[in-house]
Amino acid sequence: ESYLKKIGCVVKRDHWKWGEPEYIQRTKKLTNWAEYVWCEWNLANTVWYSNNLKPNQRLISRLHLQEVGQRARRFQTKINMKNINKIVIVAEHILNEAKQLFDWDDEKLEFIPNYVECERLKNMNKNLYSKKIAIVGVVPERKRLDVALDLIEGLRKKDKEWKLVVKGRLPHDYPWMMGESRRSELYYYDKQYNRIKKSKYLKNGVEFEGYTLTISEFYKSINYVISTSDFESFHYTIADGVSAGNFPIIWPWVGADELYPKDW
């Protein structure tokens with residue numbers, strides 16, 4: 001976006017919530033104004049623009065992971081694929097799943113891997129003997145905070161210098177986690193917090209660090225990054241963490257071995 005502005009393009013943002021626009025009148029005005037439309041996330045925004053596109057406009061959308069999940073599949077079936085020029089997908093295993101679920105034509109789909117800013121992260125002064133393990137992002141439940149707690153509890157039974165650092169927002173920081181349909185998930189997190197309080201191995205072994213706009217400095221303070229998720233499309237924690245000189249440990253979710261070396 002910054003580059004487009006730098007070379008003289010006029011870029012305007014149309015902010016959307018998960019299932020609806022923030023302000024539909026702005027959306028309608030921008031629909032009449034735009035030459036090119038980029039929909040980040042293949043959700044209600046892509047449904048709207050694909051069904052209201054003008055003949056002289058081009059539309060590209062970008063699909064991550066949640067769009068193939070159960071909650072968001074309803075949006076995909078309402079997209080007018082005739083008006084989509086390309087759907088960019090961040091991982092090949094997600095592309096294949098989208099094809100199977102929605103019967104989309106190959107010519108409409110484009111795999112473009114995520115970009116990792118290695119230069120920003122490398123050559124950091126690190127404590128190579130740190131026994132701090134980071135899990136970055138534990139929301140939603142599929143990130144499996146409980147598995148990370150299993151790991152650190154087992155390690156601390158052998159050596160109490162090991163620590164788990166939980167980086168990022170917690171469930172109560174997200175308004176969408178407060179809905180009725182997420183009640184069981186909130187209960188899951190309450191169980192993990194209680195477990196930390198009651199376990200003599202976890203009580204002083206888990207540190208919570210909140211969200212920050214930049215994360216490169218954070219990677220200096222730890223030495224291991226983990227991906228305990230049930231499933232992911234890419235998981236930036238691993239790519240960023242390794243770029244910053246940390247050791248990666250991945251639970252083998254589908255597609256991980258296509259993106260990262262198997263010994264990780």
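1. Two strands are taken to pair if DSSP finds at least two bridges between them. The model is predicted. In it, strand β5 (residues 132-136) and β8 run parallel and are joined by two bridges. A134 stands opposite V225 in β8.

2. Helix α7 (residues 145-158) packs on the sheet and touches β5, β6 (163-167), β7 and β8. The direction of α7 makes about 160° with that of β6. Helix α9 (residues 236-243) also packs on the sheet, with β5, β8 and β9 as the strands it touches; its direction makes about 165° with that of β8.

3. What is the strand order of the sheet? The order is β7-β6-β5-β8-β9, an open sheet of five strands with parallel pairing. β7 (206-209) and β9 (247-250) are the edge strands, each pairing on one side only. On average, neighbouring strands are turned by 25° against each other, direction ignored.

4. S227 belongs to strand β8 (residues 224-227). S227 counts as buried because its relative accessibility is 0%, and the cut-off for buried is under 20%. Apart from neighbours within four places in sequence, S227 contacts E232, H235, I238, I249, I250, W251 and W253.

5. Helix α3 (residues 44-52) is mostly covered, with seven of its nine residues buried: A44, N45, T46, V47, W48, Y49 and S50. These buried residues pack against α2 (24-33), β1 (36-40), β2 (58-63) and α4 (73-76).

6. On the surface, Y3, L4 and I7 form a nonpolar patch, together with about 330 Å² of accessible area. L4 lies in helix α1 (residues 2-6) and is partly exposed, at a relative accessible area of 39%.

Key
Residues numbered from 1 in each chain as written. Predicted model: local features only at pLDDT ≥ 70, side-chain atom pairs only at ≥ 80, totals over all residues. Heavy atoms only, no water. Helix = DSSP H or I, 4+ residues; strand = E, 2+ residues; numbered from the N terminus. Buried < 20%, exposed > 50% of the residue type's maximum accessible area, 1.4 Å probe, protein only. Contact = heavy atoms within 4.5 Å. Patch = residues over 30% accessible without salt bridge, like charges linked within 9 Å, V, L, I, M, F, W, Y side chains within 5 Å. Areas by Shrake-Rupley, 256 points an atom, 1.4 Å probe, with all protein chains shown as cover. Salt bridge = Lys/Arg side-chain N within 4 Å of Asp/Glu carboxyl O. Axes fitted to C-alpha atoms, helices over the stretch in contact; angles between N-to-C directions.
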